[in-house]
Amino acid sequence: MSPPPPPLGRGRRRAAQAFDEALDDADLVTARAALAQGRWQQIRSLLAQTGDDWDRRGHRITVLAGESYSAAWAREWLLAEPESADASVLLALAEVRRVLRGKGKQARAREACQNAVARTPADPTPWLGLLMLECATGSDMDVVRHFEAVRGRYADHHHAHHLMVARLAARRTDAGPDPLHEVYDFANWAAEQAPADSPLAILPVIAHAERYRVLAAAGYEPVDPAASGHWAGRRARQVMKAAFDWWLEWELEGHPRRLIDLNFLAHAKFCEGRGAEAAALFHRIGRYATPAPWSYPDRDPHTAFAAARAGALGTA
């Protein structure tokens, strides 16, 4: 028996929501709408076209997996095509995201991920699912093991590196604003290891924001990032300048998760007080705001993004 479609009001609620994980991927948005009605054949075509563009594949499957109906339709797909690796990976990530929403069982999610690994050994996406799970619930040892499994299949995996930065940023909170914290070392190392045109060049900015999130939540930094000295130190200024210079040279219009990086970089430039540079980034972002880092720490991201954007564009 096929799973029921989502409630009729779902589409209207989505339109009213400013944040969409799909970002500017129009093909993904179309396929997601089809999946909502049980037309998984469009997902099959989308993933076949994506091929081994691992960052894009990971982005698309993670977004699709976040929908409440995805696990049910992935099982329906597997009933129709038992050998489908794509259906297996979608089910795995859907089970992981159910766990992260507090709805699913970890054992079931891990089993689904391992099944997907067996069907498509070269694909880092099932390992990305396991990494997402371990970053939320697992030990440091398991987190590192699964990160290395992703990296062994695709060394520059964007989402996996972001997950690692967020996890490392939460370590040693009691060290306070330590400029030698391990998250900075990791981000710098990853940026240096990556090719010159890799968006991992922005990773030190991500690390700076993620560490601020942790420090502000613990009371070591003000809750208003623009009022925090975290963005004004010599190290911070060097990181922001290097990342902005990289963006001016490469920009990478085609990367599926570039708008996440642009939001982090615009946030950093605004907090640094570089309004003109932030304005250039806000123009590129357009309507594709992301919850992080505007929600750091525990702020309303809609309000924070709108205020920063208005402030930056007013200085340009």
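Let me start with alanine 33, which sits in helix α2, spanning residues 26-36, where helices are DSSP runs of H or I with at least four residues, strands are runs of E with at least two, and both are numbered from the N terminus. Alanine 33 has 45% relative accessibility and therefore counts as partly exposed, given that buried means under 20% relative accessible area, exposed over 50%, and partly exposed in between, with a 1.4 Å probe and protein chains only. Its C-alpha atom is separated by 38 Å from that of valine 183, which is 150 residues apart from alanine 33 along the chain.

Before I go on, please keep in mind that this is a predicted model, in which local features need pLDDT of at least 70 and side-chain atom pairs count only at pLDDT 80 or more, while totals for chains, interfaces and linings use all residues. Residues are numbered from 1 along each chain as its sequence is written, and side-chain values use heavy atoms, with hydrogens and water left out.

Now to the chain as a whole. The protein chain has 17 helices and zero strands. Its radius of gyration, taken over C-alpha atoms, is 20 Å, close to the 20 Å that the globule rule gives for 316 residues, so the chain is as compact as a globular protein of that length; the rule itself is 2.2 Å times the number of residues to the power 0.38. Along the principal axes, the C-alpha trace spans about 60 × 40 × 35 Å, and buried residues make up 51% of the 316 residues. If we take contacts, meaning heavy atoms within 4.5 Å, between residues at least 6 apart in sequence, 67% of them join residues at least 24 apart.

Which residues does isoleucine 43 touch, leaving aside its neighbours within four places in sequence? They are Ala31, Arg32, Leu35, Leu64, Trp77 and Leu90. Isoleucine 43 belongs to helix α3, residues 40-50, and with a relative accessible area of 0% it is buried. Between the C-alpha atoms of isoleucine 43 and alanine 278, 235 residues apart along the chain, the separation is 36 Å.

Arginine 167, in helix α10 (residues 158-169), also counts as buried, at 17% relative accessibility. Its side chain is joined to that of aspartate 140 by a polar contact of 2.7 Å, a polar contact being a pair of N or O atoms within 3.5 Å where, within protein, one must be able to donate a hydrogen and the other to accept it, and where residues adjacent in sequence count only if both atoms are side-chain atoms. Beyond its neighbours within four places in sequence, arginine 167 is in contact with Glu134, Cys135, Gly138, Ser139, Asp140 and Val143.

Finally, some backbone details. The peptide bond from alanine 292 to proline 293 is cis, with omega near 5°, and proline 293 is placed in helix α16, residues 291-294. The bond from tyrosine 296 to proline 297 is cis as well, with omega near -15°, but proline 297 is in the loop between α16 and α17 (301-315). Aspartate 298 lies in the loop between α16 and α17 and has phi near 55°, a positive value in a residue other than glycine; with a relative accessible area of 79%, aspartate 298 is exposed. Leucine 252 likewise has phi near 55°, and this leucine, in the loop between α13 (234-250) and α14 (258-272), is partly exposed at 24% relative accessible area.
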